[in-house]
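Welcome! Let's take a friendly tour of the charges and cores in the model shown here.

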Amino acid sequence: MTAAQPHQSSSAPLRIVDLFAGPGGLDMAAKILDHKAIGIEWDNDAYETRQAADLLTVHGDVRDYGPNSKEVREATVLAGGPPCQTFTVAGSGAGRRALDLVLSLVDKLGTAEDVEGIDLVMKEAEGFDDERTSLVLQPLKWALEAHFRGRPYEAIVLEQVPAVLPVWEAMGHVLERIGYQFPLVELATPDEDGQLPLGAVTDARQPAKPSPRAFVLHTEEYGVPQTRRRAVLLARRGERPRFPAPTHRRYRKGVAASVGAPELEPWVSMGKALGRKDHFVVVSNYGTGGDPKARGRREATMPSATVTGKISRNRLQTRDGRDIGRFTHQEAGQLQSFPRAYPWRGGAIAQQIGNAIPPRLGVHILSAALGLEPPGQEVWERLENWTPPASSGPGQAPGAAG
C-alpha cells in the first residue's frame, strides 16, 4: 500500500489521523485551521482527489493499520466517518438490522483488557452480511488500542448519519470509562418563533438531565447551504470540549431566513452559495414519500436538500418547468461547502462529494474538540478562497510501503 506526501508538507507535528478520509472534507478543515492531518483512504478515486488537493494520505484499508502504525503513530487526535451506506435510509439497511449486534460488540470492546482482547472481539465482527457495517467499530478499536499502548488520543471526533447515533452514544460510555469527557448538551425548548435548537451549551455543573455523549447537528445551522443532519461524537481526554454552538438559523419550510433568533445569521441559500443570479429550481432524483412521481423540489432561494452521490441526477429547471441542465461538480462541492477551486479527480465524483463531510462543519467540530476559539470570518475567507497548489504529485509518506 502506498501513501502520498503533500508536495509542500507542513513542518508542524502530525496532529490528526482521519479514518475513512474520503476526498478530504475533514482534512481540508484541518488545513484551514493550520493543523496537520493524515487521512487513510482505500478508494482510488478519492485518493486521486486528495493528491490533487495536496492532502497527506495513506492509500489503504483502515483495517490494515492501527495507532501504532509508523505512518500515523505521531497523531494525537483521532477522527473518522465510517461508510454510511448500510445505515442510511437510502442504503441497504443492513446496518440498522444489525444494530443490536453492533451495540453488543461495542460493549464487548469495552470489556477488553488489552490489545489481544480487542482483536478477539473484532474477529467476531467479521460475520456481518455487509462487511461495511463492521467498519463503524474501527474508531473505537483504534481509541482502545491507543489507550492500552499508553498513548491515548487527546481528542476524538466522529461523524455519521443520524441512524448511527446509538452506536456513538454506546461508544461514548466506553470512552468515558477510560477518561474522556463530552460537551455539556441540554435539549432546549422551542423559542417564541417555534425554532427548536438542537442543544445549548450550559455552564451548570449539574444539568437538568444527563447530557448525551453524542448528538445530531443540522449543517445549515453552521453556514453550510444544505439541510444535512449528522450524528457527531466529540470527546476530549481530561477536559470537557465545548459544544459547537450554531451560528445560523435552522431552515424551516415556508419560514423566511430572516425569522428566528436575532443573534444567529440567516441560513445560506443555494443561489447565494453558488453566486448564481438566475432563479432555478432543483428537482430531486428521489420521490417524496416513496412516490417516484412526487419529486422533491427546492428553489434557489432555499438551502439544498441533503447532497448525496446521486446529486448529478438532480435536474435544474426554470420556474416554468424548462430544463436548464445539472449542477457541475464544482457547484455540487460548493453545496457541501468545499472551495469552488477544489480539484475533484478520478471517477464517481458525485459519489465522492455526497460521501464527504462538509468542510465548514468540519471546521466547527474540530475547533470545538481541540479547544480552539469559535471560527471567525478570516477562517471562512481562507476556506472559500483556498486554491490547490500549482503542482502536486504522488509521493511517499515517511515509512509507507511502496
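## A word on burial

Buried means under 20% relative accessible area and exposed means over 50%, with partly exposed in between. E154 therefore counts as partly exposed, at 36% relative accessibility. Please keep in mind that this is a predicted model.

## Salt bridges across the sequence

The whole structure holds 16 salt bridges. In one of them, R15 pairs with E154, with 3.4 Å between the closest N and O atoms. R15 sits in strand β2 (residues 14-19) and E154 in the loop between α6 (138-148) and β6 (155-160), so this pair ties together parts that are 139 residues apart in sequence. R15 is buried, at 17% relative accessible area.

E159 and R230 form another salt bridge, their closest N and O atoms 2.8 Å apart. Because E159 belongs to strand β6 and R230 to strand β11 (residues 229-237), parts 71 residues apart in sequence are tied together. Both ends are buried: E159 at 8% and R230 at 6%.

K141, E145 and R149 are linked in a network of salt bridges. Within it, E145 meets R149 at 2.9 Å, N to O. E145 is buried, with a relative accessible area of 7%, whereas R149 is partly exposed at 39%.

## Nonpolar cores

The largest nonpolar core has 51 residues, and L217, F280 and Y342 are among those with the most contacts inside it. Helix α11 (residues 359-369) gives the most to this core, contributing 6 residues. Another core, of 50 residues, lies apart from it and includes L14, V62, L137 and Y153.

## A negative patch

E113, D114, E116 and D119 form a negative surface patch. D114 lies in the loop between α4 (99-111) and α5 (115-124), and is partly exposed at 35%.

Note on methods:
Residues numbered from 1 in each chain as written. Predicted model: local features only at pLDDT ≥ 70, side-chain atom pairs only at ≥ 80, totals over all residues. Heavy atoms only, no water. Patch = residues over 30% accessible without salt bridge, like charges linked within 9 Å, V, L, I, M, F, W, Y side chains within 5 Å. Areas by Shrake-Rupley, 256 points an atom, 1.4 Å probe, with all protein chains shown as cover. Salt bridge = Lys/Arg side-chain N within 4 Å of Asp/Glu carboxyl O. Lys, Arg positive; Asp, Glu negative; His and termini not counted. Charge placed at Lys NZ, Arg CZ, Asp CG, Glu CD. Helix = DSSP H or I, 4+ residues; strand = E, 2+ residues; numbered from the N terminus. Buried < 20%, exposed > 50% of the residue type's maximum accessible area, 1.4 Å probe, protein only. Core = buried A, V, L, I, M, F, W, Y, C linked by side-chain atoms within 4.5 Å.
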